[in-house]
Amino acid sequence: MDYEIAGLLISLLLCVAWAMVTKRKHRRLEELGRLPPGPRWWPVVGNIFQLGWAPHVSFAKLARKHGPIMTLWLGSMSTVVISSAEVAREMFKNHDVVLAGRKVYETMKGDFGNEGSIITSQYGPHWRMLRRLCITEFFVPSRLDAMRSVRGRCIDRMVQYIEDASAGGTTAVDVRRFFFLMSFNLIGNLMFSKDLLEPKSEGGAKFFYHVGKVMELAGKPNIADFVPILRWLDPQGLRRKTQFHVDKAYEIAGSFIKERMESLEHGGIHNEAERKDYLDVLLEFHGTGAEEPSRFSSRTINAIVFEMFAAGTDTTASTLEWAMAELLHNPRVLKKVQAELRSRVSAGKKLEENDVENLPYLKAVIKETLRLHPPLPFLVPHMAMDSCRMLGYHIPKETQVLVNVWAIGRDPKTWEKPTEFMPERFLEPNAVEYKGQHYEFIPFGSGRRMCPAMPLASRVLPLALGSVLYASDWALDDGLRPEDMDMTEGVGIALRKSVPLKAIPMPFRGSL
Ligand code: HEM
């Protein structure tokens with residue numbers, strides 16, 4: 001009992017001390033220059049209670065009152081939220097470098113460190129080297145062309161699994177699960193030329209489990225991010241648990257790397273047609289040894305491998321689940337996209353990547369999904385590497401910068417009927433693109449930190465969606481009516497449906 005009272009007193013004292021420190025810090029920053037406006041904050045907690053269950057929605061509401069560039073205090077973390085295309089343009093055109101740092105959260109910080117991490121690297125030579133590798137080796141059109149058959153195979157397999165799971169169109173399937181498995185299998189093949197989810201794959205299922213756990217933990221709000229004094233305590237155990245699963249995943253990926261190195265030492269060719277996968281690229285890397293290493297350590301390779309799974313699976317699966325949900329919610333659009341598919345793809349053939357060029361409505365459905373449901377509604381949090389002045393406001397060094405692309409994609413000043421799912425808006429001449437130049441539509445970001453895998457995602461998303469729509473007719477489970485569907489958003493590492501989409505695929509016999 002005495003210990004409990006002592007503990008309570010110490011916590012209270014710590015909080016009071018912390019309140020005084022944060023108050024002084026806020027005042028000092030306010031004195032340094034005019035910060036962007038924002039709501040009133042409380043000592044210690046700042047504006048945490050205004051985060052709500054869906055921070056992108058809460059912040060969009062606050063921005064209506066405080067403006068498209070707004071300051072919030074998440075505990076002691078000063079945060080600037082950008083909520084309009086005009087301010088995003090200013091950020092990416094005129095302050096891209098200074099705001100290209102990364103806010104690194106506690107769960108991303110374990111003793112696996114930032115070595116090899118593209119996502120958490122601060123802007124600088126190490127990040128530039130990794131980024132160059134992504135742009136010139138992983139996601140370059142020639143490599144993507146060479147790996148076309150890998151994508152086709154993973155998607156065909158998904159279509160087959162869906163058909164098997166639905167027992168010929170009688171049982172509803174959890175749509176997201178299949179998209180997630182496909183994305184995971186695809187990245188496994190791009191990285192290692194391995195079908196990690198095949199029953200005979202040694203370690204594949206365990207790797208899947210540990211990567212999934214890390215993503216689940218990383219998506220949870222962590223009090224230690226907001227109240228640094230609690231960092232050493234790790235009160236929710238999130239950092240410790242993440243570290244455990246990262247170590248396990250690294251152990252398994254490490255065994256794949258070792259196996260490949262041994263095979264190469266013995267003159268082995270690991271796959272047909274001598275096609276290079278990403279692991280080959282990483283093992284063959286020769287740097288200058290000055291600002292970049294001459295060879296990658298296995299730890300760096302592990303981090304890069306891990307990060308491709310973390311960055312590529314949830315984002316892809318969430319986008320595809322939302323696309324299916326919106327189509328079932330809007331039967332008119334579903335009918336139109338299926339009619340396009342079935343009129344342009346010859347009977348008896350399956351959908352190929354080359355066909356997608358002639359399927360403008362399918363591509364518009366993907367864009368409209370990314371507008372309404374960007375999987376990373378705040379991008380990946382940026383950080384000011386130095387203080388700067390933007391639109392007359394002072395942005396202090398180390399401020400977290402969140403670009404609310406969810407709010408920008410629904411801004412009524414830009415979009416007609418912004419909350420309606422209308423792919424037709426992307427068929428108009430001069431319609432905006434998501435390549436980072438049209439700031440009203442930036443689901444992949446813009447500027448230096450923009451998603452390097454956009455060219456891969458642009459190929460996978462329409463092919464995967466088109467393939468499941470071409471192969472089957474879809475109906476909602478349990479006679480649910482489209483207008484009664486629950487379209488609430490849930491927050492994890494990516495913006496997903498709160499209630500998983502369950503739907504029945506009825507094989508379309510005219511297709512194959
Ligand atoms: C629907 C699909 C995807 C979307 C919408 C998406 C979106 C994004 C966004 C918004 C960012 C952060 C940009 C910023 O901070 O300004 C990002 C970063 C990144 N994405 Fe993607 N992404 C997708 C798929 C993928 C895939 C499939 C991979 C890899 C296989 C990938 C790898 C990465 C990496 C490595 C970064 C970090 C870049 C850096 O920090 O420099 N993404 N992505």
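Helices and strands are named here as DSSP runs, H or I of at least four residues for helices and E of at least two for strands, numbered from the N terminus. The model is a predicted one.

**Ligand site**

The shell around the ligand holds 24 residues, of which Arg-102, Trp-127, His-382, Arg-449 and Cys-451 come nearest. Sorted by class, this shell contains 17 nonpolar, four polar and three charged residues. Three helices, α4 (125-138), α12 (298-329) and α16 (454-471), each contribute at least two residues to the shell. The greatest contribution is that of α12, with five residues.

| Side chain | Distance to an oxygen atom of the ligand |
|---|---|
| Arg-131 | 3.0 Å |
| His-382 | 2.8 Å |
| Arg-449 | 2.7 Å |

Of these side chains, His-382 and Arg-449 also belong to the residues that come nearest to the ligand.

**Cavities**

How many cavities of 30 Å³ or more does the model contain? The count is three.

The largest share comes from α6, with three residues.

Val-175 is part of helix α7 (residues 175-192). Its relative accessibility is 3%, so Val-175 counts as buried. Leaving aside residues up to four places away in sequence, Val-175 touches Met-324, Trp-474, Leu-501 and Ala-503. The C-alpha atom of Val-175 is 9.2 Å from that of Ala-325, although the two residues are 150 residues apart along the chain.

In helix α3 (residues 85-94), the buried residues are Ala-85, Val-87, Ala-88, Glu-90, Met-91 and Phe-92. An α-helix has 3.6 residues a turn, so residues three or four places apart point the same way. The buried residues of α3 pack against the strands β1 (69-74), β2 (77-82), β5 (382-383), β6 (388-390) and β8 (400-403), and against helix α15 (405-408).

**Buried loop residues**

Is Asp-277 buried or exposed? With a relative accessible area of 0%, Asp-277 is buried. This residue sits in the loop between α10 (238-265) and α11 (278-284). Its side chain makes a polar contact of 2.7 Å with the side chain of Ser-193.

Most residues other than glycine have a negative phi. Asp-234, which is not a glycine, has a positive phi of about 45°. It lies in the loop between α9 (223-226) and α10, and its relative accessible area of 15% makes Asp-234 buried. Leu-379, likewise not a glycine, has a positive phi of about 55°. Leu-379 belongs to the loop between α14 (360-372) and β5. Its relative accessibility is 11%, and Leu-379 therefore counts as buried.

How values were computed: Residues numbered from 1 in each chain as written. Predicted model: local features only at pLDDT ≥ 70, side-chain atom pairs only at ≥ 80, totals over all residues. Heavy atoms only, no water. Near = heavy atom within 4 Å. Polar contact = N/O pair within 3.5 Å; in protein donor to acceptor, adjacent residues only side chain to side chain. Nonpolar A, V, L, I, M, F, W, Y, C, P; charged D, E, K, R; others polar. 1 Å grid on protein atoms, 1.4 Å probe; cavity = no way out; pocket = protein on both sides within 12 Å on 5 of 7 lines; lining within 4 Å. Points joined across faces, edges and corners; volume = space filled by probe spheres on them. Buried < 20%, exposed > 50% of the residue type's maximum accessible area, 1.4 Å probe, protein only. Contact = heavy atoms within 4.5 Å.
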